[in-house]
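Subject: Structure handover

Hello,

Here is the structure for your work. Notes on what was found in it follow below.

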Amino acid sequence: MIPSSCSHAPIGAGIGLRLPHLAEIVATPSVVFSTKSSKPSWLEIHPENFLANPHATELLLEARRDFPVSVHTVGVSIGSAGGIDRGHLRRLRSLIDRVDPFLVSGHLAWSTHESEFLNDLLPLPFDEEALHLVAAHIDEVQDALGRPYLIENPSSYVGFAGSTMTEVEFLSELVARTGCRLLCDVSNIYLSAHNMGYDARQYLDQLPAGAIGEFHLGGFTPEEDEAQEIVLVDTHAAAIAQPAWDLYAYAVERIGLRPTLIEWDNDIPELATLVAQAARADEIVSNVFAQRHQLLEVGLAAVG
């Protein structure tokens with residue numbers, strides 16, 4: 001039986017802990033984060049950066065004393081037709097047991113072919129065959145890790161002509177069949193809606209809100225395709241764009257408070273820049289709930 005929850009989930013926004021900032025965070029956290037408002041609520045790691053790096057793992061365990069940690073896998077390849085690498089799962093389980101993260105998540109994608117690992121997150125058709133395959137793999141991963149696994153909605157650029165359901169229907173059915181939870185990447189929704197021509201807010205409205213355990217926010221890069229149209233590329237190499245912030249405010253209003261991560265994986269800036277982005281996410285949440293409180297007071301006054 002997989003437990004419904006593990007370590008207590010933090011309230012507030014966190015940042016992706018990448019190796020360039022690891023020593024800085026561990027060395028003198030009281031100096032690096034001189035005020036409570038400048039300290040992120042939690043940290044997220046990619047476990048694949050630590051599995052073969054004992055020194056980094058020891059530093060991570062030191063950081064774990066001061067911060068809750070979430071684990072976001074990038075090498076599980078949940079959609080691979082060749083199956084899950086069980087050796088990789090065993091190594092993940094060993095690290096996860098030491099870190100005791102409050103969440104473990106991964107991507108709705110595939111990235112392996114036979115014995116080769118492809119440095120990309122490749123898309124899946126949304127049909128019954130893929131659904132059956134991914135659901136079986138999620139069951140295997142959850143059993144191996146001994147805890148729920150959160151599935152992140154992808155960044156999309158093309159669709160499959162053979163798909164028989166929408167992305168939201170596919171994700172919702174995965175939740176129903178496996179008991180997994182969802183990682184709602186708000187920036188991916190905005191990006192995919194732009195690229196694929198659908199309504200981002202309607203997508204959010206259709207997600208099973210009760211299954212969402214975490215939000216992600218990341219930067220994207222506009223690029224011109226062969227038809228001279230603008231495509232948004234999920235590069236995680238820039239600050240979060242205003243339309244994604246606006247959609248995040250809507251997501252919080254629609255779904256509620258969830259741990260929120262600032263992702264920045266390429267052209268990584270100074271730590272202070274990440275912390276400032278996390279503070280902005282916290283500010284948006286505060287504004288959403290302040291407005292909700294004001295509306296409630298107005299409603300009560302009208303009734304009275």
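In the hairpin of E10 and E11, five residues lie between the strands, and Gln-228 there takes a positive phi near 60°. The names follow DSSP runs: helices are H or I runs of at least four residues, strands are E runs of at least two, and both are numbered from the N terminus. E10 (residues 221-224) and E11 run antiparallel and are joined by four bridges; two strands count as paired if DSSP finds at least two bridges between them. Pro-222 stands opposite Leu-232 in E11.

Before the rest, the conditions. This is a predicted model, in which local features need pLDDT of at least 70 and side-chain atom pairs count only at pLDDT 80 or more, while totals for chains, interfaces and linings use all residues. Residues are numbered from 1 along each chain as its sequence is written, and side-chain values use heavy atoms, with hydrogens and water left out.

Overall

The protein has ten helices and twelve strands. Of its 304 residues, 49% are buried, where buried means under 20% relative accessible area, exposed means over 50%, and partly exposed is in between (1.4 Å probe, protein chains only). Among contacts with a separation of 6 or more, 82% are between residues 24 or more positions apart; contact means heavy atoms within 4.5 Å.

The barrel

Eight strands form a closed barrel in the order E1-E2-E3-E4-E7-E8-E9-E12, with parallel pairing. Neighbouring strands of this sheet are turned by 30° against each other on average, direction ignored. Axes are lines fitted to C-alpha atoms, for helices over the stretch in contact, and angles run from 0 to 180 degrees between N-to-C directions.

Two of the pairings can be given in detail. E3 (residues 69-72) pairs with E4 in the parallel sense over three bridges, and His-72 stands opposite Ser-105 in E4. E7 and E8 also run parallel, joined by three bridges, with Ile-151 opposite Leu-182 in E8.

E4 (residues 103-107) is largely enclosed by the rest of the structure, because five of its five residues are buried. Leu-103, Ser-105 and His-107 point one way from E4, Val-104 and Gly-106 point the other way, and all are buried. In a regular strand the side chains alternate between the two faces of the sheet.

Helix packing

Two packed helices are described by the angle between their axes and the distance between the axes. Two pairs follow.

For H1 (residues 19-27) and H3 (residues 54-64), the axes come within 9 Å and cross at roughly 50°. That makes H1 oblique to H3; angles under 35 degrees count as roughly parallel, over 145 as roughly antiparallel, 65 to 115 as roughly perpendicular and the rest as oblique. The crossing is left-handed, which applies if the near helix is turned anticlockwise from the far one by less than a right angle, and right-handed applies if clockwise. Leu-19, Leu-22, Ile-25 and Val-26 in H1 meet Ala-56, Leu-59, Leu-60, Glu-62 and Ala-63 in H3. By class, this contact of H1 with H3 has eight nonpolar, no polar and one charged residues. Here Ala, Val, Leu, Ile, Met, Phe, Trp, Tyr, Cys and Pro count as nonpolar, Asp, Glu, Lys and Arg as charged, and the others, Gly among them, as polar.

For H5 (residues 128-145) and H6 (residues 167-178), the axes come within 10 Å and cross at roughly 45°. H5 is therefore oblique to H6, and the crossing of the two is right-handed. The contact of H5 with H6 has seven nonpolar, three polar and four charged residues.

H7 and H9

H7 (residues 186-196) is largely enclosed by the rest of the structure, since eight of its eleven residues are buried. The buried residues of H7 pack against E7, E8, H8, E9, E11 and H9.

Ala-251 lies in H9 and, at 0% relative accessibility, counts as buried. Leaving aside neighbours within four places in sequence, Ala-251 is in contact with Val-186, Leu-204, Phe-215 and Gly-256. The C-alpha atoms of Ala-251 and Val-186 are separated by 7.7 Å, at 65 residues apart along the chain.

Regards
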